[in-house]
Amino acid sequence: MQSSIPSPMRAAKLPARAALDWIVCGVERVKRERERWLGAALVYLLLAVVLHRVPFLGDLVLILLSPFLLGSLLQAAEQEAVPPPVALERDNWRALTRVYLLQPLRGFGRLFRDEERLLPALMLSILVLGGIVLAQIVAYLLIGGSPVGGLNATSLAVAGRGGLLPLLLAIVLLLYLLLTMALFYSVPLTVLDGRTPPTALFESFRGCKRNALPLSLFTLVFFLPYAVIVGAFNLSRWLGYPILFLLGTATLALFLAAAHCSFQALYRRLPVVAP
């Protein structure tokens, strides 16, 4: 059964304070549905770390899988009852393993069993992969690296010959910004609202453009923990991994829940914070 709440074709335009409302909504949702959001974030990070160790193909597989994993999570969030909480106690390790690892892992396969949404999700995954690969190719041609794959001083020095480095960096960052805008709401628009992938990508871009200020403030909040994790890995992998799975799991869970709140506010016109 798909969501019975229809979405208008165009996203609402909300003020800057909507960013705070979405984050508050996300915090409340994670507190209320702790196992769902934290479990999904933890399993996704574990999967990402494992696939990243696979040369070349690992990251591509993760990109292809991500729309399916996110779509399955959002379907469950809208259609399934809140699971009962499990006490965080040492004696409950079997139950904690089940609700934080096994259930999210099984839940990530939900969309693969949905015949109605499987093909659109597959088409979206292919478009997402194509867009990201194209952006990375352009970035490597211009500056010898990418914001996603990483930059190094040698490549930047070569790209900077002739004094064009600031312009080339601006072009690459603009390209990634446009791509992010198209991808941000494409999964819920495809999986939850049943729009075709091209329409979902266009409407996501248009919705982000209409709400550039609250979305900029919203994403800025999550940049600090991201910077902390990157800094930890730059110091040592032994420091980076514990921070990734502690701070990263909490941050990703909050981001996913709050982003879902923002989707409901923009495309469902639903109040996400009680007045």
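At 38% relative accessibility, glutamate 28 counts as partly exposed, a label for anything between buried (under 20% relative accessible area) and exposed (over 50%), using a 1.4 Å probe and protein chains only. This is a predicted model, where local features need pLDDT of at least 70 and side-chain atom pairs count only at pLDDT 80 or more, while totals for chains, interfaces and linings use all residues. Residues are numbered from 1 along each chain as its sequence is written, and side-chain values use heavy atoms, with hydrogens and water left out.

Glutamate 28 pairs up with lysine 31: their side chains form a salt bridge at 3.8 Å, N to O. The term means a side-chain nitrogen of Lys or Arg within 4 Å of a carboxyl oxygen of Asp or Glu. Both residues sit in helix 1, three residues apart, or about one turn of the helix. Helices here are DSSP runs (H or I, at least four residues), numbered from the N terminus. Lysine 31 has a relative accessible area of 60%, so it is exposed.

Another one of them links arginine 117 with glutamate 116, at 3.2 Å from N to O. Arginine 117 comes out as buried, because its relative accessibility is 9%.

Over in helix 9 (residues 197-210), arginine 206 and glutamate 203 are three residues apart, so about one helical turn separates them. Their side chains meet in a salt bridge with an N to O distance of 2.7 Å.

## The disulfide

The structure has one disulfide, meaning a pair of cysteine sulfur atoms within 2.5 Å. Cysteine 25 and cysteine 261 make it, with an S to S distance of 2.0 Å. What does this bond tie together? Cysteine 25 belongs to helix 1 (residues 18-32) and cysteine 261 to helix 12 (residues 237-267), so the link connects parts that are 236 residues apart in sequence.

As for handedness, the torsion about the S-S bond is about -70°, which means the disulfide is left-handed. Cysteine 25 and cysteine 261 are both buried. Cysteine 208 also counts as buried, at 7% relative accessibility.

How values were computed. Helices (H or I, at least four residues) and strands (E, at least two) are DSSP runs, numbered from the N terminus.
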